[in-house]
Amino acid sequence: MINTSNNYHLTPLLKYKTNVKTVYLPTMYQRIESPQNSTIKQLFQLREKSRIRKKEARFIIEGLQEIQLALEAGYELTHVYVCIDIITIENFLNTFKKWVTYFQIIEISTEVYQKLAYRATTEGVIATSKTKTNSLSKLYLNDNPLILVAEAPEKPGNIGALLRTADAANIDAVLIANPKTDLYNPNIIRSSVGCVFTNNIATGSTSEIISFLKEKKINIYSAILQSATPYYIQNYTKPTAIVVGTEHNGLSELWRKSSSQNIIIPMSGSVDSMNVSVAAGILIFEAKRQRGF
């Protein structure tokens with residue numbers, strides 16, 4: 001039921017007759033026009049600062065696809081900010097008709113939208129959502145999982161690419177060890193094109209994740225140069241975790257000691273490393289090939 005108490009009101013601007021029923025959308029403000037509005041200033045801080053996201057346990061999502069994926073993944077959106085100069089109410093409702101009564105909708109001006117938006121190509125919708133805990137204790141796995149582990153990834157672009165690769169392969173989980181960037185950084189959401197929502201993700205320290213994998217009897221294949229064998233001669237058809245590190249630092253010594261087998265991708269060029277998301281893609285899709293895709 002829509003809240004019609006004194007805290008909210010129904011604005012005629014956000015009334016649209018669909019082919020099913022007339023929908024009245026609850027909103028806290030009829031319109032926010034100024035980027036200097038206190039709510040907009042708070043949202044800008046939420047976008048820019050990890051400590052604010054952590055303190056408030058909420059984050060910003062930009063883009064129609066990303067917001068839809070978050071909703072489908074069960075994220076709890078609190079507010080959606082709509083710029084009707086960019087997206088019409090009809091298009092907005094057609095996109096979110098399943099969810100329009102789940103969150104509060106606030107109209108914003110183009111000037112406000114441009115302050116909050118990251119993208120050059122805009123779609124007119126920004127949302128705020130509550131975060132998830134992403135803890136190992138909440139992670140559900142089947143009996144024969146295929147998992148990607150990334151240790152200490154820092155660049156949002158690399159994390160986003162890893163998550164897109166994991167989504168493309170439809171693997172069972174992505175574990176991030178010793179994360180250097182929070183998952184809800186807008187650049188990760190953007191570079192992953194929303195795959196931060198489609199993947200089963202957990203974070204923890206390297207030692208916590210190794211203990212978790214060993215407890216679950218999951219074989220650990222670490223991409224490390226030392227004492228390694230070519231990746232394509234290994235058997236990934238049993239419970240498997242493929243572990244990758246950063247291009248600059250590689251994996252920590254703890255992974256080498258804890259690995260079931262260290263693996264290497266043979267290379268013929270002048271350098272001895274490649275982008276971490278490319279390496280992860282090669283290893284993951286070999287595992288998928290062995291499992292019959």
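This is a predicted model: local features need pLDDT of at least 70, side-chain atom pairs count only at pLDDT 80 or more; totals for chains, interfaces and linings use all residues.
Glu-76 is partly exposed, at a relative accessible area of 46%.

**The four-stranded sheet**

Stay with β6 and show its sheet. The strand order is β3-β6-β4-β5, an open sheet with mixed pairing. Color β3 (58–62) and β5 (104–107): these are the edge strands, each pairing on one side only. On average, neighbouring strands here are turned by 20° against each other, direction ignored. Zoom in on β3 and β6 (residues 125–130). They run antiparallel and are joined by five bridges. Pick Ile-61; opposite it in β6 stands Ala-127. Next, select helix α1 (residues 38–48). Helix α1 packs on the sheet and touches β3, β4 (77–82) and β6. Its direction makes about 90° with that of β3.

Go to α4 (residues 89–96). Which residues of α4 are buried? They are Ile-89, Phe-92, Leu-93 and Phe-96. Look down the axis of α4: the buried residues fall within an arc of 95°, so they line one face of the helix.

Center on Phe-92. Setting aside neighbours within four places in sequence, Phe-92 contacts Val-80, Val-82, Ile-87, Val-100, Phe-103, Ile-105 and Val-125. Phe-92 is also one of the residues with the most contacts inside the largest nonpolar core, along with Leu-77, Phe-96 and Phe-197. That core has 54 residues. Helix α11 (residues 276–290) gives the most to it, with six residues. Apart from this core lies another, of 20 residues, including Leu-139, Ile-210, Ile-220 and Val-243.

**The seven-stranded sheet**

Follow Val-243 into its strand. Val-243 in β12 is the bridge partner of Val-149. Strands β7 (residues 146–151) and β12 (residues 240–244) pair in the parallel sense over five bridges. Now show the whole sheet. It is open, with parallel pairing and the order β9-β8-β7-β12-β10-β13-β11. Its edge strands are β9 (201–204) and β11 (228–230). From one strand to the next, the twist averages 30°.

Helix α9 touches β7, β8, β9, β10 (219–223) and β12, at about 145° to the direction of β8.

Which residues of α9 are buried? Select Thr-206, Ile-209, Ile-210, Phe-212 and Leu-213. Down the axis of α9 they fall within an arc of 160°, so they line one face of the helix. These buried residues pack against β7, β8, β9, β10, β12 and α10 (253–258). Just after α9, check Lys-217: its phi is positive, about 55°.

The model has eight salt bridges. Select Glu-286 and Arg-289, whose side chains meet at 2.8 Å, N to O. They are three residues apart in helix α11, so about one helical turn separates them. Glu-286 is buried, with a relative accessible area of 11%, whereas Arg-289 is partly exposed at 46%.

Finish at Arg-31. Its salt bridge with Glu-33 has its closest N and O atoms 3.2 Å apart. Arg-31 counts as partly exposed, at 33% relative accessibility.

Note on methods
Residues are numbered from 1 along each chain as its sequence is written. Side-chain values use heavy atoms; hydrogens and water are left out. Two strands pair if DSSP finds at least two bridges between them. Helices (H or I, at least four residues) and strands (E, at least two) are DSSP runs, numbered from the N terminus. Axes are lines fitted to C-alpha atoms, for helices over the stretch in contact, and angles run from 0 to 180 degrees between N-to-C directions. Contact means heavy atoms within 4.5 Å. Buried means under 20% relative accessible area, exposed over 50%, partly exposed in between (1.4 Å probe, protein chains only). The arc is that of the directions from the helix axis to the C-beta atoms. A nonpolar core is a set of buried Ala, Val, Leu, Ile, Met, Phe, Trp, Tyr and Cys residues joined through side-chain atoms within 4.5 Å. A salt bridge is a side-chain nitrogen of Lys or Arg within 4 Å of a carboxyl oxygen of Asp or Glu.
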